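Keep the 3D view open as you read.

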Amino acid sequence: MNSTLATMYPGACDCHIHIYEAGYPLAPHATFVPPPAPVSAYQRMQKELGLTRVVVVQPTGYGFDNSCTLSALERFGDAARGIAMLPPQAHAQTQHGDSELARLHEAGIRGLRYMMLAGGLTSWSNLEADAAHIASLGWHINLQLDGRDLPTHESALKNLPCKLVIDHTGKFIEPVQPDSEAFRSLCRLLDRGQCWVKLSAPYETSRLGAPDYDDVALLARTLAARYPERCLWASNWPHPNAQPRPVDALLLDWLIRCAGNENTVEKILVGNPEAVYGFSPLSSSHRSAAGTA
């Protein structure tokens with residue numbers, strides 16, 4: 001798996017992981033105590049799968065203290081980007097707020113997390129102002145919600161002045177059909193041209209289960225076929241609430257099957273993350289050389 005993936009898709013990116021390191025206390029509101037998930041453990045998995053790039057997403061358990069995420073970005077280096085969580089007053093349109101955003105951008109942060117499920121600390125009322133403030137940096141709103149609620153928020157999301165990334169194949173808590181109004185709402189957001197969706201974590205919502213997650217796979221296949229330039233992939237490592245814990249290599253295999261062809265897989269793993277997270281594009285000669293290695 002690892003040598004084939006690294007050869008065929010140099011620069012492959014895992015677009016959603018969490019890091020939990022000793023020495024970083026959980027916020028008082030944390031809903032569970034995660035097992036340790038240090039950078040070193042992820043790097044071993046990353047090497048095994050042949051992945052090159054990674055996006056570290058601030059866990060809700062750390063609240064607005066991004067210290068662990070920022071430390072992870074420093075250790076990962078240029079091959080990593082991050083998604084932060086910030087209270088509204090921390091990035092209000094003031095000199096102090098602008099300086100904070102500039103500091104985070106320099107550290108590799110490229111988006112704000114809006115977690116609208118249990119344990120989340122963000123509010124829909126702040127979304128428009130946040131989006132306006134981060135747009136000039138090229139950042140995005142990273143949104144996780146019950147996808148069945150997308151029609152309710154579609155108008156506001158379509159009018160955001162920044163990029164939008166939606167987690168986990170829309171995260172329809174009960175998987176829907178492609179002709180449902182909720183899924184059509186997701187498609188209309190993707191039609192906007194500034195929205196992407198992660199084909200990831202099928203185990204969180206599937207009612208049919210591993211290894212194929214057929215109910216979520218139907219949605220993922222539909223999205224990959226209609227919107228190959230708008231899809232991303234993520235392992236969602238370290239899966240702290242999943243029982244049994246999924247096998248990361250099988251989740252990557254699932255994505256490859258859902259994508260259907262090598263060209264779409266390359267877009268999902270390499271090209272699309274470059275567009276969203278600002279990774280330096282690999283040169284065509286680098287891609288060609290890797291492809292013939």
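The notes below go from the sheet to the helices.

## About the model

This is a predicted model, where local features need pLDDT of at least 70, side-chain atom pairs count only at pLDDT 80 or more, and totals for chains, interfaces and linings use all residues. Residues are numbered from 1 along each chain as its sequence is written, and side-chain values use heavy atoms, leaving out hydrogens and water.

## The sheet

Eight parallel strands build an open sheet, in the order β1-β2-β3-β4-β5-β6-β7-β8. Strands here are DSSP runs of E with at least two residues, and helices are runs of H or I with at least four, numbered from the N terminus. Two strands pair if DSSP finds at least two bridges between them. β1 (13-17) and β8 (231-234) are at the edges with a single partner strand each, so one side of each has no neighbour in the sheet. On average, neighbouring strands are turned by 25° against each other, direction ignored.

For a closer look, find β2 (residues 53-57) and β3 (residues 80-84): four bridges join these parallel strands. One of the residues to look for is V55, whose bridge partner in β3 is R81.

## Helix α6

Which residues of α6 (residues 150-158) are buried? They are L150, H153, E154 and L157, where buried means under 20% relative accessible area with a 1.4 Å probe, protein chains only. These residues lie on the same side of α6 because they cover an arc of only 145° around the axis, taken from the directions from the helix axis to the C-beta atoms.

The face turned away from the buried side carries T152 and S155, which are exposed, meaning over 50%. The cover over the buried residues includes α5 (127-134), β5 (140-144), β6 (163-166) and α7 (181-191).

Methods:
Contact = heavy atoms within 4.5 Å. Axes fitted to C-alpha atoms, helices over the stretch in contact; angles between N-to-C directions.
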